[in-house]
Amino acid sequence: MYAAPRSTRAVLGPIGLLCAALAACSPQGDGTARQGGTAAARAPSDQLASAPAVDRGRYLVEFGGCHDCHTPKLFTRDGPVPDTTRLLSGHRSDVTLPPIPAGVLGPDRWGAVASPELTAWGGPWGVSYAANLTPHETGLQAWNADEFIQTMRTGKHMGVGRAILPPMPWQQVGRLTDDDLRAVFAYLQSIKPVDNAVPLPVPPPSTAAR
């Protein structure tokens, strides 16, 4: 892992990272999907989102820089580019990262480090992984729009679970209108499902272990 030169944009983007989420809020969540949650259980409005809503959601996701952290990268002569076959599918489950060297992070050192694909972030909060936002069972298949909105409003998984970790700027995202958040969710539900079980967050070492 290395200190990410693009971290400023990723952390401060108006929606950016929507989407490190939900970093640290991987859809496996507090067990997996919500109890009894299935695609069939979604509200009709989630299933029948209008084309304008999906287009609006795509616009917000792309403007907010969500692909920076939630889409795996391909490394080319021109640098890393989004892997369009795995859009918004989060940190790749087959990627193994080295441990963060001791002494790298701290008030007088680096505040965060990131994986080469910018899908995993380490900091005082531990290690967080960009979530799979696609409508696969390992992603947001079992979610509905109301749960998505509550997640963005509260910074909690499905509005009631564990905290969303940095660098996900849920506080800024949560200031979007309900209509805009529903549009984002509608777009996320419209993209190709990708089978990718993102790892759970890794907590920081305890004070006693340091």
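Me: Is Asp178 buried, exposed or partly exposed?
Reply: The model is a predicted one. Asp178 has a relative accessible area of 39%. Buried requires under 20% and exposed over 50%, so at 39% Asp178 is partly exposed.

Me: With which side chain does Asp178 meet in a salt bridge?
Reply: Side chains of opposite charge can pair when their charged atoms come close. For Asp178, the N to O distance in the salt bridge is 2.3 Å.

Me: How many residues apart in sequence are the parts that the pair of Asp178 and Arg153 ties together?
Reply: Asp178 belongs to helix α7 (residues 178–190), while Arg153 belongs to helix α5 (residues 145–154), so the pair ties together parts whose separation in sequence is 25 residues.

Me: Which residues are linked with Arg92 in a network of salt bridges?
Reply: Arg92 forms a salt bridge with Asp94, in which the closest N and O atoms are 3.3 Å apart. Arg92 also meets the side chain of Glu117 in a salt bridge of 2.5 Å, N to O. The residues linked with Arg92 in the network are therefore Asp94 and Glu117.

Me: Where do Arg92 and Glu117 lie?
Reply: Their side chains meet in a salt bridge. This pair ties together parts that are 25 residues apart in sequence, because Arg92 is in the loop between β2 (79–82) and β3 (113–114), and Glu117 is in the loop between β3 and β4 (120–123).

Me: Is Glu117 buried or exposed?
Reply: In the network of Arg92, Asp94 and Glu117, Asp94 is exposed at 59% relative accessibility and Arg92 is partly exposed at 23%. The relative accessibility of Glu117 is 8%. Since buried means under 20%, Glu117 counts as buried.

Me: Which strands stand at the edges of the open sheet?
Reply: The sheet has 3 strands in the order β3-β4-β5, with antiparallel pairing. An edge strand here has a single partner, so one side of it is left without a neighbour in the sheet; the edge strands are β3 and β5 (126–129).

Me: Which residue in β5 does Gly122 stand opposite?
Reply: Strands β4 and β5 run antiparallel and are joined by 4 bridges. The residue in β5 opposite Gly122 is Val127.

Key:
Residues are numbered from 1 along each chain as its sequence is written. This is a predicted model: local features need pLDDT of at least 70, side-chain atom pairs count only at pLDDT 80 or more; totals for chains, interfaces and linings use all residues. Side-chain values use heavy atoms; hydrogens and water are left out. A salt bridge is a side-chain nitrogen of Lys or Arg within 4 Å of a carboxyl oxygen of Asp or Glu. Buried means under 20% relative accessible area, exposed over 50%, partly exposed in between (1.4 Å probe, protein chains only). Helices (H or I, at least four residues) and strands (E, at least two) are DSSP runs, numbered from the N terminus. Two strands pair if DSSP finds at least two bridges between them.
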